[in-house]
Amino acid sequence: MGTAGGGALRLPGLHGYAAEFSPYWPGRVACAAAQYYGIAGCGTLAVLEQNETGIVLLRSFDWNDGLFDVTWSENNEHVLITSSGDGTLQIWDIAKPKGPLQVYKEHTQEAYSVDWSQTRGEQLVVSGSWDQTAKLWDPAVGKSLRTFKGHEGVIYSTIWSPHIPGCFASASGDQTLRIWDVKAPGVRLVIPAHQAEILSCDWCKYDENLLVTGAVDCSLKGWDLRNVRQPVFILLGHTYAVRRVKFSPFHATLLASCSYDFTVRFWDFSKPNPLLETVEHHTEFTCGLDLSLHKCGQVVDCAWDELVKIYTPSCLAAAV
């Protein structure tokens, strides 16, 4: 199967870790990248836009350590936050050529994940770090509001619930998925989700009780928070670690995953044969993945092969 409606942009010398569509601008994407595969060197936040001729670089900002994740502001179309190998978070304004506006330094090891809450009425950011903590931030306040401790391994992923205000999930090298409430002490729920490090998690956009995890064991698993003794689905097909998982914003049972096996895979967990399509257009670890809120079926991904790609896989074009 082919892909359509796409384009690619090379970021020379930069290895992509995360790519996120803007919630405001159709076709606008932010990519967090690092030199030397994130082991050494600097990082770059690249803001890209798709137009009739392909993908163009609108703006880029450099940081003195690798950038591992990026999230768009939910209250200002020009603002983004990145997380870095030096444990810091950076706030950037793409309307201003210099940056960052602000730097938060509290994590003591790599800040690997950052996410901006989508529920209205609160402007909260959560970060996850290899120091085994998650931190809660209000971007208007210069220090963290709270630190969440409990994981016994590095935290790879922290994602807000799109349904429940103040609720987020974290995925860790300690093989657990954990659910937290910013108003409650301690962890709400601990799910021993895999017998391997969990690199990614995401919330279903249509069911407040459903999450997916992706792990080093090459599998994706679905979890219903009302009964976590068994996964509600297991998706097999990747041949190396699953690096990132994302639910579709348009279809309740569709999701996407990317992997160190260089592929991006699209799934419908309601079907007897859930694997819809495998996209093999990268030649290195594929780390960043997102699905557009504006254009049904549009996907962005990025990989260690220096390429950012925007496209519509045929299985999602057919689902429109």
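Begin by selecting Glu20, Asp115, Gln118, Lys246 and Asp290, the residues that lie nearest the centre of the largest pocket, which is lined by 36 residues. The model on the screen is a predicted one. The pocket holds about 620 Å³ of space.

Next, colour the strands that contribute to this lining. Strands β2, β6 (67-72), β10, β14 (155-160), β18 (198-203), β22 (242-247) and β26 each supply at least two of its residues.

**The enclosed space**

Now select Ser248, Pro249, Phe250, His251, Leu291, Ser292, Lys295, Cys296, Gly297 and Leu316, which line the largest cavity. Its volume is about 40 Å³. A search of the whole structure finds one cavity of 30 Å³ or more. The lining of the largest cavity comprises five nonpolar residues, four polar residues and one charged residue.

**The aromatic rings**

Turn next to the aromatic side chains. The structure holds 19 aromatic pairs. Select Tyr17 and Tyr112 and display both rings: the centres are 6.5 Å apart and the planes stand at 80°, so this pair is edge-to-face. The angle settles the matter, because planes over 60 degrees apart count as edge-to-face. Tyr17 belongs to strand β2 (residues 15-21) and Tyr112 to strand β10 (residues 111-116); the pair links distant parts of the chain, 95 residues apart.

A second pair to select is Phe285 with Trp304, which is tilted, with 4.9 Å from centre to centre and 35° between the planes. Phe285 lies in the loop between β25 (275-279) and β26 (286-291), and Trp304 lies in the loop between β27 (299-303) and β28 (307-313), so the pair ties together parts that are 19 residues apart in sequence. Phe285 is partly exposed, with a relative accessible area of 27%, whereas Trp304 is buried, at 15%.

Tyr17, Tyr37, Phe68, Tyr112, Trp130, Tyr156, Tyr260, Phe285 and Trp304 form one aromatic cluster.

For a ring with a charge over it, select Trp25 and Arg28. Arg28 lies over the face of Trp25, at 4.5 Å from the ring centre.

**The cysteines**

Finally, select the cysteine sulfur atoms. A disulfide is a covalent bond between the sulfur atoms of two cysteines. How many disulfides does the structure contain? The count comes to zero. For the reasoning, the cut-off is needed: two cysteine sulfur atoms must be within 2.5 Å.

Cys42 is partly exposed, with a relative accessible area of 34%.

Cys258 is likewise in no disulfide, and the nearest cysteine sulfur, that of Cys287, is 6.7 Å away. Cys258 is buried, with a relative accessible area of 0%.

Note on methods
Residues numbered from 1 in each chain as written. Predicted model: local features only at pLDDT ≥ 70, side-chain atom pairs only at ≥ 80, totals over all residues. Heavy atoms only, no water. Buried < 20%, exposed > 50% of the residue type's maximum accessible area, 1.4 Å probe, protein only. Phe/Tyr/Trp six-rings, centres within 6.5 Å; stacked < 30°, edge-to-face > 60°. Helix = DSSP H or I, 4+ residues; strand = E, 2+ residues; numbered from the N terminus. Lys NZ or Arg CZ within 6 Å of the ring centre and 35° of its normal. 1 Å grid on protein atoms, 1.4 Å probe; cavity = no way out; pocket = protein on both sides within 12 Å on 5 of 7 lines; lining within 4 Å. Points joined across faces, edges and corners; volume = space filled by probe spheres on them. Nonpolar A, V, L, I, M, F, W, Y, C, P; charged D, E, K, R; others polar.
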